[in-house]
Amino acid sequence: MKDFIIKEFKQIFRDYRSMIILFGIPIAQVMLFGFALTLDLNDAHFAVLDQAKDEHSRKIIEKMDASSYFILDRNLNSREEIQKVFEGGVVREVLVFKPGFSENLDKTASTELQIITDASDPNTANMMLNYTQAIISNYEQSLLLAHGKQVLIIPETQFKYNENLKSVFMFVPGVITIILMLVSAMMTSISIAREKEMGTMEVLLVSPIKPIEIVIGKVMPYLLLSFVNFLLILGLAFTVFKMPMDGNMLLLMAEALLYILMALSLGILISTVSNSQQTAMLLSMFALLLPTILLSGFIFPIENMPSILIYLSHIMPSKWFIIIIKDVMLKGAGLKEVWFPTSIILFQTVLFISLSIKKFKIRLQ
Amino acid sequence: MRVIRYIIQKEFKQIFRNRMMLPIIFVMPVIQLIVLSYTATFEIKEVRLGVVDMDQSYSSRELVSKFQGSPFFKLVNFSFSIAELEKEMQKGDLQQIVVIPQNFEAAINKGENPKIQIITDAVNGSAASLMTYYTSSIVMDYNRQILMEKQPLLTATTGIRTPYQFWYNPELDYKNYMVPGILVLLVTMIGAFLSGMNIVREKEIGTIEQLNVTPIRKYEFIIGKLLPFWIIAMFDLAFGLIIAKLIFGIYILGSVWLVFAVAAIYLLAVLGLGLFVSTITETQQQAMFLAWFFMVIFIMLSGLFTPTESMPIWAQWLNTINPITYFMRFMRQVILKGSSIMEVMDEIISITVYATSMLSLAVWRYRKVN
Amino acid sequence: MEIAISVKNMVKKFGDFVANDHLNFEVYQGEIFGFLGANGAGKTTAIKILCGISSPSSGELMVAGYNIYKNRDKVKKSIGYMSQKFSLYDDLSIAENIEFYGGIYGLSRQIIKQKTAEYIHELALESYEKMRVIDLPLGIKQKLAFSVAVIHQPKIVFLDEPTSGVDPITRRQFWEMIYREAANGTTVFVTTHYMDEAEYCNRVSIMVDGRIEALGTPSELKNQYSASSMEEVFIHLARKATRID
């Protein structure tokens, strides 16, 4: 038994390329998600068709350009050019000031500023519109204030659990969930499928080692690897991204172990139904990875999906694990608060193990 | 040429014989396209809102009714205790809490600036800022209403109306944006993974040696190996475009021929990448990992989910060597905006350069003799 | 006699490890040449170099009358190879494997058809015809692999441990096939570690630790080492080996 586990370890660690990737992917992903992927607007290029060229239009353009959200790309001379710049793909918003913009505002107290956005990326378009309108309202308010004292309702905003609105708080739990799934389920399924493909599985099966020992031997190294990966990402989250840890560290670790076990048993299940490494990989990719990313609320909020997908998300272990991590880390939840998701993952682990055993027995007969 | 035909024939037989490969190549992408397109939206509606109204005045009720009337919010709880609602927020039942303080109306009447408190669950930072934006605009709207009632003359001086237009996608349907992106993802994965793993598989099984002693030429082998996956990926693209049209009503605004022509070149780059991975790996497991490693980074950086312009400079630099970025931009431009060949020339050139260099690198690395 | 393979001072190094240490030998056209050696002696390395899928570190090589560096393609048309690893495609049927390799060697469709019928008849594979190779018994797979390796009627065929793991009857049948092939004028270059098979060869060489220690007809070698069988000769020589696989 011990020798067998040692053999598995040797096989994995000897292959330095896999090792680099096993530890490289998590780090690269956390860094990417943490730094590169912001859902926030940042330096969006806008163009201006300023037919007024007067005080207020200039000031509004200046304010836009000065904000961190926008960057003035160019001035247009005619309406026809709008389509051209959009088709070029860099400019995403055009502001149209009609002639007499300031005059209308100052004299008739009413003027118009047209905002045209390239909505082929609807999310960005919507954000740009919101931020532009916010900048204009601000400008309006400053004009108002200049006119004398006014009643202004001042909203005091408070962001709970994530004061600086870092997207990384959202992504770290997601990345942990994906990596653990990838390393545990995908690796195990492929490694077992490999033994099947190479014919070495049969050698193991006829040896005096019990099937359960084979499985444990296969699974142990990945359990360890996954756990090390978990600690690695957590370390990065604390040091690089200053993520808080409001809950109990031991609880979080225990939950992670449970989740890893679930993923491993899922990997074993996949390996029992696939006939080659290639199919094991593709199955893992389509059946595990995409749902883990999409239906777990990692990037996209589940609430807005069609109801059938919402139901589907309930059977995704990743969804429940993300809830657990967030609640424990950011909200300081204890076992009392997260018992429900925990018991779902526990149930799934048991389910996958018993299904694999059943499949395995049928194969042996 | 005959030799190439025999290899291609053999590859297709092997692919189609594997009972699990067929659904993976043809059914999975469809499911992926449909499911992904429906899941991938950042849209926020029906924010679960809790209200603490300590003032219980006409004004405060007016403000609350504004929230009730908005499609963005769904009032789920009234309470007099902030702590109680905060607890619900911790459980995840509430996303935002609006607190109206006791002398809200009095302050308005006295001409002071009353404060209200907005507490937002900010675990999802970008959603939080969007929710706060919606809240502020409702408050601002109400503010304007008060001003109109109190000082009708003054308020009239500040009216910048901002009529807006959303071009190319007036309904702001996120699916329009995702479908071309996912198509890119599909052909990329099929191309890179299947081709890379296929060659390594021959290495692992040992048949590659048998092939290497035959007089088969390097270019014959490479063409014979890559062409089947090129065909499958092109087929998947066509299939995906049809589904996009039938299910999502998204059709190519620009030239269909342009899409397929550039896809054909792009696939060469992807297949070259797969071939390259296969030359530096010995087992399928390694090949898969390596392909994964590149793919995960490339896909995330490509602008599939988040705009590339918002990324930090180093990420944008990385993106210059990311083939997916170019193709992603190209597909969205041509499909959604109908850009003509001139407008996407930069992308086409980049893809062509990429394909040429990646393929040459891979062919150069591929050795029959060691 | 016409020389099929000529090897002069061939050396192959992997870093510091010398897999082939100055090999010198010649193989004549039409003979069955046994290339013997213990596991790890360097047989497979040498055979891969002779087939052109591995390059030697130094030395002069002529295979089928061509210099292997300059005329790799011509050499490849004139040789066949059956590797130690299984060389047929598991997921294709017998006929499909024959068709594929025949096609690669540029045989016409008609000849491929004819060969397929011939092989199926000769190897009595009628009942296996539709089966995928993975489901065939090992002995049949090996015989089929051999047939496929000579499908283009090469001048030389290299066989790397073709009979390992098969039963004595199949081994006998396999050697009958080898004899038939040699009778047609094909040179057979075969590695094995069954010493009884060594007796079937016209000439044998014995490799120990990357060097050729003995070369001659089986009877010459038995006389030289005053042994009663090739097995004794081999054990005598192999005892000196320091390398263990």
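1. Two residues are in contact if their C-beta atoms, placed from the backbone, lie within 7 Å. By that rule, the contact between chains B and C takes 20 residues from chain B and 23 residues from chain C. Helix H1 (2–17) and helix H9 (207–212) of chain B are the elements that give two or more residues to the chain B side. H1(B) has the largest share, 7 residues. Sorted by class, the chain B side holds 6 nonpolar, 8 polar and 6 charged residues. Here Ala, Val, Leu, Ile, Met, Phe, Trp, Tyr, Cys and Pro count as nonpolar, Asp, Glu, Lys and Arg as charged, and the others, Gly among them, as polar.

2. Ground rules. This is a predicted model, in which local features need pLDDT of at least 70 and side-chain atom pairs count only at pLDDT 80 or more, while totals for chains, interfaces and linings use all residues. Residues are numbered from 1 along each chain as its sequence is written, and chains are lettered from A and ligands numbered from 1 in the order in which they are written. Helices (H or I, at least four residues) and strands (E, at least two) are DSSP runs, numbered from the N terminus.

3. Chains A and B. Of the 2 pairs of chains that touch, A and B have the most contacts. Chain A gives 95 residues and chain B 96. Helix H6 (residues 122–146) of chain A supplies 14 residues, the largest share of the chain A side. That side divides into 48 nonpolar, 31 polar and 16 charged residues. Chains A and C, in turn, have no contact; their closest C-alpha atoms lie 11 Å apart.

4. Strands across the A–B boundary. Strand S4 (residues 111–118) of chain A runs parallel to strand S5 (residues 160–161) of chain B, joined by 2 bridges. Strands pair if DSSP finds at least two bridges between them. A:Glu112 has B:Arg161 as its bridge partner in S5(B).

5. Chain A overall. The chain has 14 helices and 5 strands. Of its 365 residues, 47% count as buried (20 or more other C-beta atoms within 10 Å of the residue's own; exposed is 12 or fewer, partly exposed in between; C-beta atoms are placed from the backbone). Among its contacts between residues at least 6 apart in sequence, 79% join residues at least 24 apart.

6. Helices H8 and H14 of chain B. H8 (residues 174–205) and H14 (residues 323–337) pack at about 135 degrees, with axes 9 Å apart. Axes are lines fitted to C-alpha atoms, for helices over the stretch in contact, and angles run from 0 to 180 degrees between N-to-C directions. The angle makes H8(B) oblique to H14(B). Angles under 35 degrees count as roughly parallel, over 145 as roughly antiparallel, 65 to 115 as roughly perpendicular and the rest as oblique. Residues in this contact include B:Pro180 and B:Leu183 of H8(B), and B:Phe327 and B:Met331 of H14(B). By class, the contact has 9 nonpolar, 3 polar and 1 charged residues.

7. Helices H2 and H10 of chain B. The axes of H2 (residues 21–39) and H10 (residues 218–248) come within 10 Å and cross at roughly 40 degrees. H2(B) and H10(B) are therefore oblique to each other. Among the residues in contact are B:Val30 and B:Leu33 of H2(B), with B:Gly240 and B:Ile243 of H10(B).

8. A strand pair in chain C. Strand S6 (residues 79–82) and strand S7 (residues 156–160) of chain C pair in the parallel sense over 4 bridges. C:Gly80 stands opposite C:Val157 in S7(C). C:Ile79 and C:Tyr81 point one way from S6(C), C:Gly80 and C:Met82 the other way, and all are buried.
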